[in-house]
Amino acid sequence: MLLSQGQMSDYKGAALMIDALPTAKALLADRGYDADWFRAALAARDIAACIPSKANRKVPIPHDTVLYRKRHRIENMFAKLKDWRRIHTH
C-alpha cells in the first residue's frame, strides 16, 4: 500500500510502485497514467498498457476500448466498499 499526498499526480505514485507490480497481461488505468516513461516501464515488464491518451497528446495512442470498459466495474466495486464501510462505521 502506498499513501501519498492528495494533490500528488497519479503517475508519480506509480513510479514509486512500478517495481512492486505483480506479473500481469495488461494494466487498466485512466488518463492520469498516460506518460511515455510509464508505458515504456510496463512494456519492459511485458504488460500491455490499456490507458487512454490525454487530450493534449499530439498523436493519440490507441487502447483497447472493450477492455477499458471493464475498468468501470472495478471503480463500482470500490464505490460499494466505501459505502459498506460508511454503513459499518456509522
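Biologist: Where do Arg71 and Glu75 lie, and how many residues apart are they?

Modeller: In this predicted model, both Arg71 and Glu75 belong to helix α4, and they are four residues apart, about one turn of the helix.

Biologist: Why is the pairing of Arg71 and Glu75 called a salt bridge?

Modeller: The term requires a side-chain nitrogen of Lys or Arg within 4 Å of a carboxyl oxygen of Asp or Glu. For Arg71 and Glu75 the N to O value is 3.0 Å, so the pair meets the definition. In general, side chains of opposite charge can pair when their charged atoms come close.

Biologist: Are Arg71 and Glu75 buried or exposed, or in between?

Modeller: Buried means under 20% relative accessible area, and partly exposed lies between that value and 50%. Arg71 has 17% and is therefore buried, whereas Glu75 has 40% and is therefore partly exposed.

Biologist: Why can the pair of Asp34 and Arg57 be said to tie parts together?

Modeller: Asp34 lies in the loop between β1 (26-28) and α2 (36-44), and Arg57 in the loop between β2 (48-50) and α3 (65-69), so the pair links parts that are 23 residues apart in sequence.

Biologist: Why are Asp34 and Arg39 called buried?

Modeller: The relative accessibility is 6% for Asp34 and 12% for Arg39. Buried means under 20%, so both residues fall in that class. Beyond its neighbours within four places in sequence, Asp34 is in contact with Arg39, Ile51, Pro52, Ser53, Lys54 and Arg57.

Biologist: How do you know that Trp84 is exposed?

Modeller: The relative accessible area of Trp84 is 54%. Exposed means over 50%, so the word applies. Trp84 is found in helix α4, which spans residues 71-88.

Biologist: Which residues make the nonpolar surface patch that includes Trp84?

Modeller: Ile74, Met77, Phe78, Leu81 and Trp84 make this patch, with an area of about 510 Å². Patch members must have over 30% relative accessible area. Trp84, at 54%, therefore passes that cut-off.

Methods. Residues are numbered from 1 along each chain as its sequence is written. This is a predicted model: local features need pLDDT of at least 70, side-chain atom pairs count only at pLDDT 80 or more; totals for chains, interfaces and linings use all residues. Side-chain values use heavy atoms; hydrogens and water are left out. Patches are made of residues with over 30% relative accessible area and no salt bridge: like charges are joined within 9 Å, nonpolar side chains (Val, Leu, Ile, Met, Phe, Trp, Tyr) within 5 Å. Accessible areas come from the Shrake-Rupley method with a 1.4 Å probe; for residues, only the protein chains shown count as cover. Helices (H or I, at least four residues) and strands (E, at least two) are DSSP runs, numbered from the N terminus. Buried means under 20% relative accessible area, exposed over 50%, partly exposed in between (1.4 Å probe, protein chains only). Contact means heavy atoms within 4.5 Å.
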